[in-house]
Amino acid sequence: MNSERFRNSFVVDSFLSLEYTYDESNYVIIRYPYEHTSSWLPGSKLGPNSIIEASKYLDTFDLETGDVPAEVGIYTLPEIEPKVDPLEALKEVEELVDGVLRDNKVPVLLGGEHTVSIGAARAAKRWGAEAFISLDAHMDFYESYEGSNYSHACTSKRISEFMRVAVIGVRTADWEEYENSRGSIIVLREELDTWKDKLSDLLGKRVHLSVDLDVMDPSVLPCLGTPEPDGLTWRETVSTVKGIIENFKVVSMDFVEFRPCPHMGADSLAVAKLIYKTIAYHSRRRRGNLGL
Ligand SMILES: [Mn+2]
């Protein structure tokens with residue numbers, strides 16, 4: 001579907017300003033700035049374009065891997081105006097992610113709020129993903145929140161109804177969430193070093209990776225929608241993502257809940273760099289024929 005819609009087009013307003021066509025690319029950035037249930041500080045709808053803008057100032061050479069990961073081809077889909085109704089929005093996200101997977105490419109979804117991950121996880125499941133691995137300060141295990149079953153605070157709960165869920169980096173929860181998370185894997189922030197043990201029965205499986213950027217400490221990303229102290233450092237976040245890429249078959253991924261600070265570039269650049277590093281690790285594993 002996507003290849004027909006976007007064949008031979010390229011987007012100047014693209015990640016790293018790359019001009020690969022859709023057909024030439026192995027990774028596809030999907031911007032879906034859905035934001036309708038933010039409970040505290042709004043602005044995550046501004047996240048995707050702020051990330052794209054900052055990405056233009058990244059070096060394409062990756063010092064750590066010695067690669068130019070951009071050479072795998074990264075295509076940025078034209079901007080999409082999200083649907084207002086959550087069910088319609090999730091359906092649209094599911095179709096977009098599914099279309100990219102059908103074309104044998106890796107979807108990289110940029111939210112918007114965490115709700116969009118539900119659509120991505122549904123599509124990933126169609127392509128064999130058995131688990132949803134989320135990095136998040138919050139459990140997102142509410143049955144319903146502020147009158148909505150599709151609030152950002154219900155994401156893990158909704159997904160747990162059709163797929164295994166693991167949330168890494170948790171440092172706050174309501175009692176209801178704590179109860180609802182029984183049967184899922186929760187790795188508290190202070191247990192970060194043990195995440196691989198806690199996820200041991202899922203190792204090697206096909207998964208969807210979701211990064212709620214509030215997993216990071218507010219000193220790194222100060223303007224999050226729902227900031228929470230004692231977060232992961234930049235280095236802890238990158239190394240955890242790297243570990244997940246190396247120990248699972250990540251079929252699709254998303255980066256959500258980033259709310260850029262006005263007049264600040266460091267935060268958007270940090271997120272853009274995290275995404276680029278993730279693609280670097282993933283493409284290296286993919287090239288190594290490790291079954292992705
Ligand atoms: Mn969160």
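Me: Is Met-216 buried or exposed?
Reply: This is a predicted model, where local features need pLDDT of at least 70, side-chain atom pairs count only at pLDDT 80 or more, and totals for chains, interfaces and linings use all residues. Residues are numbered from 1 along each chain as its sequence is written. A residue is buried if 20 or more other C-beta atoms lie within 10 Å of its own, exposed if 12 or fewer, and partly exposed in between, with C-beta atoms placed from the backbone. Met-216 has 27 C-beta neighbours inside 10 Å, so Met-216 counts as buried.

Me: Where is Met-216 found, and which residues does Met-216 touch, not counting residues up to four places away in sequence?
Reply: Helices (H or I, at least four residues) and strands (E, at least two) are DSSP runs, numbered from the N terminus. Met-216 sits in the loop between S7 and H8. Two residues are in contact if their C-beta atoms, placed from the backbone, lie within 7 Å. Leaving out residues up to four places away in sequence, Met-216 touches Leu-221, Gly-231, Leu-232 and Thr-237.

Me: What separates the C-alpha atoms of Met-216 and Asp-230?
Reply: Along the chain, these two are 14 residues apart. The C-alpha separation of Met-216 and Asp-230 is 8.3 Å.

Me: How many Å does helix H8 reach from its first C-alpha to its last?
Reply: H8 covers residues 234-247, 14 residues. The expected span of a helix is 1.5 Å times one less than its number of residues. For H8 that expectation is 20 Å, and the model comes close to it, with a reach of 20 Å.

Me: Which residues of H8 are buried, and what arc do they cover around the axis?
Reply: The buried set in H8 is Thr-237, Thr-240, Val-241, Ile-244 and Ile-245. They lie on the same side of H8, because the arc they cover around the axis, taken from the directions from the helix axis to the C-beta atoms, is only 135°.

Me: Why can residues three or four places apart in an α-helix point the same way?
Reply: The reason is the turn. Residues three or four places apart point the same way because an α-helix has 3.6 residues a turn.

Me: Which elements do the buried residues of H8 pack against?
Reply: The partners include both strands and helices. The strands are S4 (131-135), S5 (164-170), S7 (206-212) and S8 (249-256). The helices are H7 (195-198) and H9 (266-287).

Me: At what angle do the axes of H2 and H9 cross, and what does that make H2 relative to H9?
Reply: Axes are lines fitted to C-alpha atoms, for helices over the stretch in contact, and angles run from 0 to 180 degrees between N-to-C directions. The axes of H2 (residues 47-55) and H9 come within 8 Å and cross at roughly 80°. Angles under 35 degrees count as roughly parallel, over 145 as roughly antiparallel, 65 to 115 as roughly perpendicular and the rest as oblique. That makes H2, relative to H9, roughly perpendicular.

Me: Which residues of H9 meet H2, and what is the contact by class?
Reply: From H2 come Ser-50, Ile-51, Glu-53, Ala-54 and Ser-55; from H9 come Ser-268, Leu-269, Val-271, Ala-272, Ile-275 and Tyr-276. Ala, Val, Leu, Ile, Met, Phe, Trp, Tyr, Cys and Pro count as nonpolar, Asp, Glu, Lys and Arg as charged, and the others, Gly among them, as polar. By class, the contact has seven nonpolar, three polar and one charged residues.

Me: How many residues of H2 are buried, and what do they pack against?
Reply: Seven of the nine are buried, so H2 is largely enclosed by the rest of the structure. Among them are Gly-47, Pro-48 and Ile-52. The buried residues pack against S1 (27-31), S2 (74-76), S3 (106-110) and H9.

Me: What is the phi of Leu-16, and what is the phi of Glu-257?
Reply: Leu-16 lies in the loop between H1 (2-6) and S1, and Glu-257 in the loop between S8 and H9. Both are buried: Leu-16 has 22 C-beta neighbours inside 10 Å, and Glu-257 has 31 other C-beta atoms within 10 Å. Most residues other than glycine have a negative phi. Here phi is positive, near 60° for Leu-16 and near 70° for Glu-257.

Me: Which residues does the cis peptide bond join?
Reply: Gly-112 is in the loop between S3 and H4 (116-126). Omega is about 15° at this cis bond, which joins Gly-111 and Gly-112.
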